[in-house]
Amino acid sequence: MAWTAIDYDRTDAVATVTLNRPDKLNSFTIELHRELAAALDQAARDDQVRAVLLTGAGRAFCAGQDLSALDMAQVGDTIEQHYNALVRRLRTLPKPIVCAVNGVAAGAGANLALACDIVLAGRSATFIQAFCKIGLVPDTGGSYFLPRLVGLPRALALALTGDSVTAEQAAAWGMIWQVCDDAMLLEEARALARQLATQATQALGLTKQLFNRSLANDLDTQLGVERELQVAVSRSEDCREGIAAFLAKRPPVFKGR
Ligand code: T3D
């Protein structure tokens, strides 16, 4: 596929998806939505891909919806078909997704990052729940993830004020995993994605599913889900290899199946 709004690269077992509208701070158009969806589907389908890295080109990660392309008559459809579908794709993709936030992440761009599995941010990156500044409410899963990540008082204050949060504050609040020096961000994110790509892919995919389901379940239900997924993954070749390697005191060689 010829990409215009994103860049897609697979090197070894890592698919790198780069939002690529730097002049407009990688803000979302329908074209960007379609290409990002196609890229994530490609990464999900391709057995050679065992981890995904998402980042942005230029000085921003993503400034949310392209406001010059916002169709006020289609807001509900746009959200369902594109933003909601994107969050569902990220959360159900059975491979780990590392997000490298390389600059400002605003509106749906901030919440796109929060819907990924492990978020690293450059020291100069910022997160802005920009919706209130233009008379909108948070979307792209922000009203779900943000209070669960940072607690209701901080989530609500961020959404009501639209104040910018630095990468260091975001890490201190548990909103993201780690802050990196700007110059090292991509290198560190790639190293993390490469490491995840050597692990037992099915177990990582089911771990995502386990945690997703835990957010809505009570303890008894969740214990049942753990049992169900552990039984399923214990039949994988990688699980047999992991245990055999431990017992033989050698490093495991996982194949992602
Ligand atoms: O139906 C639906 O789609 C509803 C769904 C909505 C989801 C949402 O995401 S709503 C929230 C939309 N996003 C925003 O409100 C953020 C708007 N952008 C900003 O507040 C600022 O640009 C930033 C804080 C992100 C960065 O500020 P700064 O000073 O570093 O950059 P800048 O000068 O504002 O922007 C640079 C260029 O990018 C500029 O274009 P120009 O003048 O050089 O031609 C600016 O217009 C453009 N740009 C930035 N953000 C957007 C954008 N163009 C279109 N849409 C944007 N969101």
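Predicted model: local features only at pLDDT ≥ 70, side-chain atom pairs only at ≥ 80, totals over all residues.

User: Fine. What are the domains here?

Analyst: The domain assignment gives domain 1 as residues 6–196 and domain 2 as residues 201–248. Their C-alpha centres lie 26 Å apart. In the contact, 12 residues come from domain 1 and 6 residues from domain 2.

User: And how much area do domain 1 and domain 2 bury between them?

Analyst: About 790 Å², with 48% of it on carbon and sulfur atoms.

User: What's the salt bridge count between domain 1 and domain 2?

Analyst: It's 1 salt bridge. K208 pairs with D117 there, and the closest N and O atoms are 2.8 Å apart.

User: Which helices supply the side of domain 1 that touches domain 2?

Analyst: Among the contributors are α2 (75–92) and α4 (142–150), and each supplies at least two residues of that side.

User: OK, switching to sheets. What's the strand order in the open sheet of 6 strands?

Analyst: The order is β1-β2-β3-β5-β7-β10, and the pairing is mixed. At the edges sit β1 (6–11) and β10 (178–180), each pairing on one side only. On average, neighbouring strands of this sheet are turned by 20° against each other, direction ignored.

User: And which helix packs on that sheet, touching β1, β2 and β3?

Analyst: Helix α1, residues 30–45. The strands it touches include β2 (14–19) and β3 (51–56), and the helix direction makes about 15° with that of β1.

User: In what sense do β5 and β7 pair?

Analyst: Parallel, over 4 bridges, with β5 covering residues 97–101 and β7 covering 118–122. If you want a spot to look at, V101 stands opposite A121 in β7.

User: What about the open sheet of 4 strands, what order does that one have?

Analyst: That one runs β4-β6-β8-β9, with mixed pairing. Its edges are β4 (60–62) and β9 (164–166); each has a single partner strand, so one side of each has no neighbour in the sheet. Neighbouring strands here are turned by 20° on average, direction ignored.

User: How many bridges are there between β4 and β6?

Analyst: There are 2 bridges, and β4 pairs with β6 (residues 104–106) in the parallel sense. A60 stands opposite V104 in β6.

User: Back to charges. How many salt bridges does the count come to?

Analyst: The count comes to 10 salt bridges, taking a side-chain nitrogen of Lys or Arg within 4 Å of a carboxyl oxygen of Asp or Glu. One of them joins the side chains of D41 and R89, at 2.8 Å from N to O.

User: Why does the D41 and R89 pair tie together parts that are apart in sequence?

Analyst: Because D41 lies in helix α1 and R89 in helix α2, the pair ties together parts that are 48 residues apart in sequence.

Technical notes
Residues numbered from 1 in each chain as written. Heavy atoms only, no water. Pairing = 2+ DSSP bridges. Axes fitted to C-alpha atoms, helices over the stretch in contact; angles between N-to-C directions. Contact = heavy atoms within 4.5 Å. Domains from an automatic or database assignment. Buried area = accessible area lost by both parts, 1.4 Å probe.
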